[in-house]
Amino acid sequence: MKNNDSRDEKYESRCKEELAGFLEGSFLNCDPYNMEDASIILDADARSRDWPHKEQSYLSQTAHFCSLWVIDGEATKLYEPDRYVEVLKFHPLNYKASDRIEIPFNHFQYPMMLNKGLGESFDEKLARYASNYDDCHDPFEILSRNIRLVIYDYYLGGITKFGQRRNVYRLSSFTKETLTDVLRREILKAQSVAIQYVSKYPEYCRPDSTDLYISNRVAAAIMRSVCNNMESYIRQRSEEISLRLEDARVNYEKI
């Protein structure tokens, strides 16, 4: 029992560190409409140098939201012995390794339900989240644009009708003239989604616990408790972001 208590305490410390890093981090706390154009671009450039999913948790991955991605093109992938899937391939602009993000085209077309980190099963009635590119879900239109660079705005956790846990991506196009305006808008939207997630569904935001051999159920409960104890701090950040959205008149996604 003492050993279990020790593991729980270590994991609780990890949750606190993860949450504090997110709430105090530069991405959540930047006010993009009070930043110079050069700073907006340089920050996006810096976020585009790493693999966006190298860390396990959602909160750590928010540091790579609103980065620049290169579209590598489409490809056919064999997911099962008899199942081929068409995917759109991307990589961060300044990332030098060969890894690629692959978004199946059917993830643009078929809605998923929101993953709240509670081990929930797929419910067709709750399926309303699909990947989009400038709010477009049509693969033919996406391909016809023939654009090489996009902004990776943010992602939501999704659950497919097959019970698979997948990312629901938000992508935006831009021109040389509109880049800073689009980045400012999408940074605010990404901040809003991230703070909503940790406010409403902290279980989804929990850090990895596999090395401590803690069950998902226990890890989720610990993360929920940590977030409840820091509720006032989370609310403060949420109110700050709400004011930024209101001042900039930016519509955001509600989850």
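This is a predicted model: local features need pLDDT of at least 70, side-chain atom pairs count only at pLDDT 80 or more; totals for chains, interfaces and linings use all residues.
User: Which residues have the most contacts inside the largest nonpolar core?
Analyst: Y58 is one of them, along with L19, F22, F90, L156, Y197 and V198. The largest nonpolar core has 69 residues.

User: And which helix gives the most to this core?
Analyst: Helix α7, covering residues 179–200, gives the most, with 11 residues.

User: Turning to the rings, how many aromatic pairs are there?
Analyst: The count comes to 17 aromatic pairs. Ring pairs also link a cluster made up of F27, Y58, F65, W69, F90, Y152, Y154, Y155, Y169, Y197, Y201 and Y204.

User: What kind of pair do Y197 and Y201 form?
Analyst: Y197 and Y201 form an edge-to-face pair, with 6.0 Å centre to centre and 75° between the planes.

User: Are those two buried or exposed?
Analyst: Y197 is buried, at a relative accessible area of 0%. Y201 counts as buried too, at 15% relative accessibility, because the cut-off for buried is under 20% relative accessible area.

User: Where is Q196 found?
Analyst: Q196 is found in helix α7. Its relative accessibility is 10%, and Q196 counts as buried.

User: What does Q196 touch, apart from neighbours within four places in sequence?
Analyst: Q196 is in contact with Y201, Y252, E253, K254 and I255. As for D181, which is 15 residues apart from Q196 along the chain, the C-alpha atoms of the two are separated by 23 Å.

User: Change of topic: what is the volume of the largest pocket?
Analyst: The volume of the largest pocket is about 610 Å³. Its lining consists of 27 residues, and those nearest the centre are Q56, N115, R165, Y204 and R206.

User: Which elements give two or more residues to that lining?
Analyst: They are α4 (58–61), β7 (149–159), β8 (165–172) and α8 (216–229). By class, the lining of the largest pocket has 7 nonpolar, 13 polar and 7 charged residues.

User: What about the second largest pocket, what is its volume?
Analyst: The second largest pocket has a volume of about 520 Å³. It is lined by 24 residues, and the closest to its centre are N106, H107, T160, Q164 and R166.

User: Which element gives the most to that lining?
Analyst: β3 gives the most to the lining of the second largest pocket, with 4 residues. At least two residues each are supplied by β1 (67–80), β2 (83–92), β3 (101–104), α5 (106–109) and β8.

User: How do the residues of that lining divide by class?
Analyst: The lining of the second largest pocket divides into 11 nonpolar, 6 polar and 7 charged residues.

User: Now the backbone. What is phi of C66, and what is phi of D135?
Analyst: Phi of C66 is near 60°, a positive value in a residue other than glycine. Phi of D135 is near 65°, also a positive value in a residue other than glycine.

User: Where do C66 and D135 lie?
Analyst: C66 is found in the loop between α4 and β1, and D135 is in the loop between β6 (132–133) and α6 (139–144). C66 is buried, with a relative accessible area of 0%, whereas D135 counts as exposed at 64% relative accessibility.

User: Which loop holds D208?
Analyst: D208 lies in the loop between α7 and α8. D208 is partly exposed, with a relative accessible area of 25%.

User: What is D208 in contact with, beyond four places in sequence?
Analyst: D208 is in contact with Y11, R14 and Q56. D208 and I103 are 105 residues apart in sequence, and their C-alpha atoms are 24 Å apart in space.

User: Last one: where is R237 found, and is R237 buried or exposed?
Analyst: R237 is found in helix α9, residues 231–248. R237 is buried, with a relative accessible area of 11%. Not counting residues up to four places away in sequence, R237 touches L23, L28, N29 and I195.

Technical notes:
Residues are numbered from 1 along each chain as its sequence is written. Side-chain values use heavy atoms; hydrogens and water are left out. A nonpolar core is a set of buried Ala, Val, Leu, Ile, Met, Phe, Trp, Tyr and Cys residues joined through side-chain atoms within 4.5 Å. Buried means under 20% relative accessible area, exposed over 50%, partly exposed in between (1.4 Å probe, protein chains only). On a 1 Å grid over the protein atoms alone, a cavity is a set of points where a 1.4 Å probe fits but cannot get out, and a pocket is an open set with protein on both sides within 12 Å along at least five of seven lines; lining residues have an atom within 4 Å of a point. Grid points are joined across faces, edges and corners, and a volume is the space filled by probe spheres set on the points. Ala, Val, Leu, Ile, Met, Phe, Trp, Tyr, Cys and Pro count as nonpolar, Asp, Glu, Lys and Arg as charged, and the others, Gly among them, as polar. Rings of Phe, Tyr and Trp (its six-membered ring) pair if their centres lie within 6.5 Å; planes under 30 degrees apart count as stacked, over 60 as edge-to-face and the rest as tilted. Contact means heavy atoms within 4.5 Å.
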